[in-house]
Amino acid sequence: MTRIAACDCGRLRATCEGEPVRVSVCHCLECQKRTGSVFGVSARYPKEKVKAEGPSRQYTRIADSGFKVTFDFCPSCGTTVHWHRGREGWGPSDSEGLCVLGHAPIPAFPRASHGGRGTSYENAVFGRCSISQSRVMSTNSL
Amino acid sequence: MTIRLATCCCGRLRLTCEGEPIRVSVCHCHACQRRTGSVFGVAARYPKDKVTVEGEASEYVRIGDEGNEIHFRFCPGCGSTLCWEMPAYNDGIAVAVGCFADPGFTPPPSRSIYDASRRHGWVDITVPVERRG
């Protein structure tokens with residue numbers, strides 16, 4: 001299956017082949033600020049399965065894990081469409097490839113991360129939104 | 001009076017919000033999903049005169065489903081959208097709740113928009129909300 005993730009204005013796109021390696025939600029405060037929502041959702045793909053098109057601007061930060069994470073967002077509408085990570089000094093990306101964000105219906109259940117930001121994973125969003133899947137794992141690592 | 005600070009990821013764009021929001025909503029529409037990269041957006045609406053914007057912002061305008069312009073302000077350095085307004089309604093300014101970086105933010109949402117048609121199946125809003133669409 002091929003899926004296309006796009007920014008709000010449509011200029012920045014990522015075409016993704018096949019199924020994601022995994023899907024995660026992250027409740028860290030950086031993901032909350034990046035999204036403006038109360039958690040981020042990402043589908044991780046092998047890098048060679050994702051083709052990005054369109055103009056992008058990059059924002060890089062150091063994650064809690066020590067990874068350098070570089071986000072590509074659309075300079076016209078601000079949407080972050082994909083990101084990659086690498087250990088500081090290890091080069092621009094690691095072997096796990098890209099995360100693609102966004103709207104495409106995703107078949108896989110999310111795996112939680114940064115559950116420690118809330119009282120519990122199931123009570124993640126203000127303690128009032130549930131992620132209705134029992135197999136998720138709560139972890140504090142990316 | 002409660003004063004809350006909302007910031008983008010890199011800290012260049014900041015909002016200071018005085019008092020309590022008029023309401024908090026979640027929206028599952030596709031545009032909110034794309035804008036956030038998450039599966040729904042969360043907005044706290046404030047009276048416009050209670051919000052002070054500091055820092056450089058880029059503006060993105062799109063036409064909402066009701067046919068009116070929505071003006072979004074995002075940080076050109078990191079992409080975070082902090083707030084948006086609908087000039088036609090002049091009913092305040094919406095602030096992206098995640099930008100408060102406060103998991104204890106209150107009040108909880110009272111509306112869930114596009115709840116039936118666009119909400120991802122693994123997500124539910126478990127507080128009493130008015131569900132639309």
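This is a predicted model: local features need pLDDT of at least 70, side-chain atom pairs count only at pLDDT 80 or more; totals for chains, interfaces and linings use all residues.

Q: Is B:Ser25 buried or exposed?
A: A residue counts as buried when its relative accessible area is under 20%. Because the relative accessibility of B:Ser25 is 11%, this residue counts as buried.

Q: Which residues is B:Ser25 in contact with, leaving aside its neighbours within four places in sequence?
A: Contact here means heavy atoms within 4.5 Å. With the neighbours within four places in sequence set aside, the partners of B:Ser25 are B:Gly41, B:Val42, B:Ala43, B:Pro109, B:Arg111 and B:Ile113.

Q: How many strands does chain B have?
A: Read along the sequence, the pattern of chain B is β-β-β-α-β-β-β-β-β-β-β-β-β. Chain B accordingly has one helix, and its strands number twelve.

Q: What radius of gyration does chain B have, and why does it agree with a compact globule?
A: The C-alpha atoms of chain B fill a box of roughly 35 × 30 × 30 Å along the principal axes. For 133 residues a compact globule would have a radius of gyration near 14 Å, so chain B agrees with this value, having 14 Å.

Q: What percentage of the residues in chain B is buried?
A: The accessible surface of chain B comes to about 5600 Å², and carbon and sulfur atoms hold 47% of it. Of the 133 residues in chain B, the buried ones make up 54%.

Technical notes
Residues are numbered from 1 along each chain as its sequence is written. Chains are lettered from A and ligands numbered from 1 in the order in which they are written. Side-chain values use heavy atoms; hydrogens and water are left out. Helices (H or I, at least four residues) and strands (E, at least two) are DSSP runs, numbered from the N terminus. The radius of gyration is taken over C-alpha atoms; the globule rule is 2.2 Å times the number of residues to the power 0.38. Buried means under 20% relative accessible area, exposed over 50%, partly exposed in between (1.4 Å probe, protein chains only). Accessible areas come from the Shrake-Rupley method with a 1.4 Å probe; for residues, only the protein chains shown count as cover.
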